[in-house]
Amino acid sequence: MTTAAVVIVAAVAAAVGLSGSSDDDGTVAVGPAETQTDGDGGSTTPDDQQLATGEGVTMLPEAMSGQQAIDALGDKLAVVAERNNMTAEKLRKLLLTDSTLHVTPAGSLLYVDTMTPPPSE
């Protein structure tokens, strides 16, 4: 059953276009998203339309969870919550109480479950 959860997490990561890798401890690591740049190679600031739709916007430099995600998102927490059909307060509470919930660089929610090895015989 745990293996199925890891497979589902990997499928979700692939579906949102993230590269995932598995560490020796069974956790799924999600790599950073590409950064948005202007024509001159400098980074751009997303406008309100981009934040609302999520088009071409990197919310975080890498997938994060808990207080770290809340701090890194700052004012964008409400945008991520709205895009995931919940209030900012509900997202904040979930991030603080569910260690498997992560926010991807694009602002999607992802559950990362660690696989527990079967007992040795």
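This is a predicted model: local features need pLDDT of at least 70, side-chain atom pairs count only at pLDDT 80 or more; totals for chains, interfaces and linings use all residues.

Residues are numbered from 1 along each chain as its sequence is written, and side-chain values use heavy atoms, with hydrogens and water left out.

**Exercise 1. The chain as a whole**

Determine how many helices and strands the protein chain has, and in what order they run.

*Solution.* Step 1: helices (H or I, at least four residues) and strands (E, at least two) are taken as DSSP runs, numbered from the N terminus. Step 2: the protein chain holds 5 helices and 5 strands. Step 3: read from the N terminus, the order is α-β-β-α-β-α-α-α-β-β. Step 4: of the 121 residues in the protein chain, 28% are buried; buried means under 20% relative accessible area, exposed over 50%, and partly exposed in between (1.4 Å probe, protein chains only). Step 5: contact means heavy atoms within 4.5 Å. Among contacts between residues at least 6 apart in sequence, 51% join residues at least 24 apart.

**Exercise 2. The buried face of α3**

Identify the buried residues of α3 and explain why they line one face of the helix.

*Solution.* Step 1: in α3 (residues 66-73), the buried residues are G66, A69, I70 and L73. Step 2: viewed down the axis of α3, these residues fall within an arc of 100°, so they line one face of the helix; the arc is that of the directions from the helix axis to the C-beta atoms. Step 3: they pack against β3 (64-65), α4 (77-83), α5 (88-97) and β4. Step 4: A69 has a relative accessible area of 0%. Beyond its neighbours within four places in sequence, A69 is in contact with L60, M64, L95 and V103. Step 5: A69 and H102 are 33 residues apart in sequence, yet their C-alpha atoms are 7.7 Å apart in space.

**Exercise 3. The largest nonpolar core**

State which members of the largest nonpolar core touch the most other members.

*Solution.* Step 1: a nonpolar core is a set of buried Ala, Val, Leu, Ile, Met, Phe, Trp, Tyr and Cys residues joined through side-chain atoms within 4.5 Å. Step 2: the largest core has 15 residues, of which M59, L60, L73, V80, L91, L95 and V103 touch the most other members. Step 3: α3, α4, α5 and β4 are the elements that give two or more residues to this core. Step 4: L60, leaving aside its neighbours within four places in sequence, is in contact with A69, A72, L73, V103, T104 and P105.

**Exercise 4. Around α5**

Locate R92, N85 and D98, and decide whether each is buried, partly exposed or exposed.

*Solution.* Step 1: R92 is found in α5 and is partly exposed, at 32% relative accessible area. R92 touches I70 and L77, not counting residues up to four places away in sequence. Step 2: N85 lies in the loop between α4 and α5 and is exposed, at 73%. Its phi is positive, about 60°, although N85 is not a glycine. Most residues other than glycine have a negative phi. Step 3: D98, in the loop between α5 and β4, is partly exposed at 23% relative accessibility. The side chains of D98 and T100 are joined by a polar contact of 2.6 Å; such a contact is a pair of N or O atoms within 3.5 Å, where, within protein, one must be able to donate a hydrogen and the other to accept it, and residues adjacent in sequence count only if both atoms are side-chain atoms.
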